[in-house]
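The following note sets out numbered points for a colleague to check against the coordinates. Please read each point with the structure in view.

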Amino acid sequence: CIDGVLGGEDYNQNNINQWTASIVEQSLAHLVKLGKAYKYIVTCAVVQRSPYGFHTASSCFWDTTSDGKRLCMCVLSHF
């Protein structure tokens, strides 16, 4: 997924939202197609090689018919 979205691209701040969204959506779609009874959280960070911050996007999947509707989720990323 990453190579398909970012392959050959130079860093462009204007494309970050589209790139991160595409990577997490495509990754999540591939994981769901595996047909496993797992919950998935996909996080993407695109970092420009510089002393500045970076942009991230996240997506998750669960089956409300079998996993219930009451859910507490905590995701921590530490760099």
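Among contacts in the protein between residues at least 6 apart in sequence, what percentage join residues at least 24 apart?

1. Basis of the note. This is a predicted model, in which local features need pLDDT of at least 70 and side-chain atom pairs count only at pLDDT 80 or more, while totals for chains, interfaces and linings use all residues. Residues are numbered from 1 along each chain as its sequence is written, and side-chain values use heavy atoms, with hydrogens and water left out.

2. Contact range. The percentage asked for above is 36%, taken among contacts in the protein between residues at least 6 apart in sequence. Contact here means heavy atoms within 4.5 Å.

3. Overall architecture. The protein has three helices and two strands, and along the sequence these follow the pattern α-α-β-β-α. Helices (H or I, at least four residues) and strands (E, at least two) are DSSP runs, numbered from the N terminus.

4. Surface and burial. Of the 79 residues, 16% count as buried. Buried means under 20% relative accessible area, exposed over 50%, and partly exposed in between (1.4 Å probe, protein chains only).

5. Geometry of helix H2. Helix H2 covers residues 16-33. At 1.5 Å a residue, its 18 residues should span 26 Å, and the end C-alpha atoms are 26 Å apart, which agrees. The expected span of a helix is 1.5 Å times one less than its number of residues. Just after H2, Gly35 takes a positive phi of about 70°.

6. Which residues of H2 are buried? They are Ile16, Trp19, Thr20, Ile23, Val24, Ser27 and Leu28. Seen down the axis of H2, these buried residues fall within an arc of 150°, so they line one face of the helix. The arc is that of the directions from the helix axis to the C-beta atoms. The face turned away from the buried side carries the exposed residues Asn17, Gln18, Glu25 and Lys33.

7. Ile23. This residue of H2 is buried, at 4% relative accessibility. Leaving aside neighbours within four places in sequence, Ile23 is in contact with Cys1, Ile2, Val5, Leu6 and Cys44. The C-alpha atoms of Ile23 and Gly4 are separated by 8.7 Å, although these residues lie 19 residues apart along the chain.

8. Ser27. Ser27 counts as buried, at 19% relative accessibility. Its side chain reaches the backbone oxygen of Ile23 at 2.8 Å, a polar contact (a pair of N or O atoms within 3.5 Å; within protein, one must be able to donate a hydrogen and the other to accept it, and residues adjacent in sequence count only if both atoms are side-chain atoms). Not counting residues up to four places away in sequence, Ser27 touches Cys1 and Val42.

9. Leu28. Also in helix H2, Leu28 is buried with a relative accessible area of 11%. Not counting residues up to four places away in sequence, Leu28 touches Tyr40, Val42, Ser59, Cys60 and Phe61. Leu28 and Cys1 are 27 residues apart in sequence and 10.0 Å apart in space, C-alpha to C-alpha.

10. Cysteines. How many disulfides are there? With a disulfide taken as a pair of cysteine sulfur atoms within 2.5 Å, the count comes to zero. Cys1 is in no disulfide, and the nearest cysteine sulfur, that of Cys44, is 10.0 Å away. For Cys44 too, the closest cysteine sulfur is that of Cys1, and 10.0 Å is too far for a bond. Cys1 is partly exposed, with a relative accessible area of 36%, whereas Cys44 is buried, at 8%.
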